[in-house]
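Please look through the structure below with me.

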Amino acid sequence: MSHLNRNLGIVTERAISRFTVFDQDTHEVLHQIEVLGMDFIDAVLSTDCSRGVLAAFSNEGVVQVDLTQDPPVVIDNESTSPIRVDDVALTPDNRFALVGGLGVGVASYSLQALAIVDTIPDISAQAVAVSPNGNGLVLASDISNGVHALLIDSSGNLTQTGQT
């Protein structure tokens, strides 16, 4: 499967440890990939559809998938422990994934280095969002304490701004 000239989508199927890659224009299912034991809860695609990043809740991890391969190939399965990942978002340059989880934090994951770069453990982030304009703004929705404004720098380091 070539990602070139395709408008891909990716969805998770938590109950059966599977994710599905499909063509958004035709609704054709292109691949269904099972990763034993993973309970995927969220997924995001890079803007060029070459990579997928999936969040696994109980497994406390982030999984990166190379979508240029046929079939797609899992290229990393990185532990975010103790973060039970609820949500994942990508920076506009597709260099970092931001993951948030209930109870214990927000983490940045480098798609190139295949590693967690930084973690802010004291925000119970049920959802994360990254500003699309490249200014480094990250919003983390804390179920108990509102929305926190964070910054991510060009190295993937996270900073709390003190704004909620």
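Two strands are said to pair if DSSP finds at least two bridges between them, a strand being a DSSP run of E with at least two residues and a helix a run of H or I with at least four, both numbered from the N terminus. This is a predicted model, in which local features need pLDDT of at least 70 and side-chain atom pairs count only at pLDDT 80 or more, while totals for chains, interfaces and linings use all residues. Residues are numbered from 1 along each chain as its sequence is written, and side-chain values use heavy atoms, with hydrogens and water left out.

Q: What makes strand 1 and strand 2 a pair?
A: Strand 1 and strand 2 (residues 18-23) are joined in the antiparallel sense over six bridges, where at least two are needed. Within this pairing, Ile10 has Val21 of strand 2 as its bridge partner.

Q: Why does one side of strand 1 and of strand 3 have no neighbour in the sheet?
A: The open sheet consists of three strands in the order 1-2-3, with antiparallel pairing. Strand 1 (8-13) and strand 3 (29-34) stand at its edges and have a single partner strand each, so one side of each is left without a neighbour in the sheet. On average, neighbouring strands of this sheet are turned by 15° against each other, direction ignored.

Q: Why is Ser50 called buried?
A: Buried means under 20% relative accessible area, exposed means over 50%, and partly exposed lies in between (1.4 Å probe, protein chains only). Ser50 has a relative accessibility of 12%, and therefore counts as buried. Its place is in the loop between strand 4 (40-45) and strand 5 (51-56).

Q: How do you know that the side chains of Ser50 and Asp48 are joined by a polar contact?
A: A polar contact is a pair of N or O atoms within 3.5 Å; within protein, one must be able to donate a hydrogen and the other to accept it, and residues adjacent in sequence count only if both atoms are side-chain atoms. The contact between the side chains of Ser50 and Asp48 is 2.7 Å, which is within the 3.5 Å limit.

Note on methods
Axes fitted to C-alpha atoms, helices over the stretch in contact; angles between N-to-C directions.
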